[in-house]
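Please look through the structure below, with attention to its helices and its surface.

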Amino acid sequence: MLDYSKFLPEALSAFTDTGAMARPFEQWTKSLDGHDDAYVQYGRDLGVIAQAHGQRATETAQTNTQANWEAWQQVMSALMTPMLPQHWWQYVVDGAERSVLYADAMRERGNHFVEHEEGSNETVLSWAHEMVVDGKTLPRPVNYSLVRIVPPEGVTVREDGRPYIIIDPRAGHGSGIGGFKHESEVGAAIHGGHPTYFVTFTRLPEPGQTLADVTAAEADFVREVRRRHPSSPKPVIIGNCQGGWASMLLAATNPDITGPVVANGAPLSYWAGQKGKNPMRYLGGLVGGAMSVRMLSDLGHGVFDGANLVFNFERLSPANTWWEKYYSLWDKIDTEVPRFVGFERWWGSFYYMTPEEISWIVENLFVGNRLGRGKANLAERTHVDLREVNSPIIIFASHGDNITPPQQALGWVADHYADVAEIKARGQRILYTLHPSVGHLGIFVSSSVAKKEHGEIVSTLKAIEALAPGLYEMVIAEERGEGVDKTFRVAFAERSIGQMMEQCGGDDSDKPFATVARFSELGTEIYDLAIRPFVQAMTNQATAQLMAHTSPMRVQRWLQSDRNPAMQPVKALAEQVRANRNAAADDNPFRQLERFNANLVTQWWDGVRDLQNAMIEWNFHLLWAAPPVQAMGERLAVTVAQSEPREDLRTLTQVQDALDRIELGEFADGVIRMLIFLANSRKEVRRSRLERSNQMLLSTEPFASMKAKHRTRMIHKETLIVGYEPEAAMAALPKLLRTDDERKRALALCQEIAGPREEMSRETIDMMNRLSLTLGAEPVAILSDGSGNILRIA
């Protein structure tokens, strides 16, 4: 007799041989190697795309087959019980009750939607707050407002602490997701004792509102926060997703008033990504570019419906959109309702934009990528150059983010700077941290992310200004403890731009996207001249409302609300069910069979998603990457780093000014120079050392009496000196530290900041010895085992 327990897994495993679908494309791609012709490269790129998607499909099929077989065996084992009729009856009763409770949850979701559509501006911000500035009262009115988070009972906020301003995304939804939970960005900031503010917005924009108006309003918000906290450092600006590029716009156009900028999951370089991944960046090339949003705005009678953007997000993950989130609610109906309804209240609250706003976003970000390329103008006379941001920048991205992959969060650095030397020469500090798996929304709402990444970012910001200019990876490692007591070791490792992009996964050619941008410009001009007048003449407020109300995103929610007479009895029925609930046990065999089948449905939808992504990417490259077509966009593929002639950084004014002062300075200059030498020897800076350095700058004279701007300029100057003339900088130390007392004090401060000698690396000890010898002090004695391992320091 055939042993199916062995035969079936082996047969399915052979059927789903990893690489089987990809192998023909791999052979095709290899056959083209060694040829540099443009058409050969075109064919190679199409082969790479097909190979990547085929490989992923076969690997997924093999993984699912094995997992499904193991799960099926468990289900069959559970069904082999004499109690099966009783389990069946419990399952039927439980299913009937779950149906009522599920319908009631959907009714709650529908009622929240109706409340929002009828004019409610309530956000999902879970923290008590009070109005500070209403944007409608500003000289350039906008639908944005600034609110202050009211500290919960037992939490003390220091009015002289660094304020935090959080800007949420305006991508079709409402505001408040950054403070959706207790463990959130708001929670991390306010529990750290910081005055915390939140930028909110209402459903409808002010007539004629532009992104320039919004940025001006946000600058007014920052000025008001600074007026309320005159003794505090400049406020931290935190931007989530679309709020991230808004934060960068604010900081680049108002560098004098903003403090550190934190961009979480923020797309700043929309063309960046890898072939075979990141499908959302291709949509602009398949839906008509900027012309489509102009037409939708005209059909909306002068406003763009944010439901269109939400629909695009939902299309990225059809399994979650059409099945998984609803089954999760059904499966955990007794506990999942508050989370589901709370999140859907945000996800299903559709907000509007003016045509000017959405056109700027598409032309400068989604399709044109002008901000990432350094070519964006916020207004006719306001050019946006991200290199103008004076404050430290922290970028938080994730490899699990299918909306803003790491390349799109960090690619702008490679497009704006030739190398790290230019970053240092311009005095910029750019930090980034990469999460291995969390999804896009998890960056803002995940409790574990709030505890780890956001909590550590808030802690880091206390001392970030003591960091020398450069590009750093913020490495967060679990150190000890469990749960809420878990602590983390944080270090800042110096990286090159190439290393950073390699960590992101590399980047592709921008030429096909540049071609899309060029055709988008042409299509928009044709639409404005020949089509737009007719579209505007055919629409009015009534037709716009009809189009909005018949949107599938809205119709389903209207039908689930109490406005539908069929839903009105559901509330009373749900209350009766809750009072007499008869839930089936989790180990009920039929519940296990249900979950098994539900997982199969999820896998099927994931297959649909993978096929959809493959077709989107293949068609995009088939259409826009053909050599004759691609040539149309060559002039737009040039970034600011490529278009500007490579200058000798030594000739920059700030570099020359610094080098002219190698032998000029006082005690403070000497100490900062020594600390930079120590930091360079390690190639990374532990946060504990950075905090000790910052504490010295804030509490030890002559640093404590300096203004923050003066300290920052001093660190920048000494970084340039050490970077360009290290030998001369070392030799000049005795001229800065003129007396024996100053030299002893400087060495003592450096040793205190570096920490116990037993924890120092060999490179750090060598540098301390060199500094000591330069200043005429005794070096430390090191006892080693002959293999470079330090045994004892005398």
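Helices (H or I, at least four residues) and strands (E, at least two) are DSSP runs, numbered from the N terminus. This is a predicted model, in which local features need pLDDT of at least 70, side-chain atom pairs count only at pLDDT 80 or more, and totals for chains, interfaces and linings use all residues. Residues are numbered from 1 along each chain as its sequence is written, and side-chain values use heavy atoms, without hydrogens and water.

Helix H9 spans residues 307-316 and contains Ala 307. Ala 307 is buried, at 3% relative accessibility; buried means under 20% relative accessible area, exposed over 50%, and partly exposed in between (1.4 Å probe, protein chains only). From Ala 307 to Gly 348 the C-alpha to C-alpha distance is 8.3 Å, with a sequence separation of 41 residues.

In helix H18 (residues 497-504), the buried residues are Ile 497, Met 500, Met 501 and Cys 504. They lie on the same side of H18 because their arc around the axis is only 95 degrees, taken from the directions from the helix axis to the C-beta atoms. After H18 comes Gly 505, with a positive phi near 115 degrees.

Trp 88 belongs to helix H4 (residues 84-117) and is partly exposed, at 43% relative accessibility.
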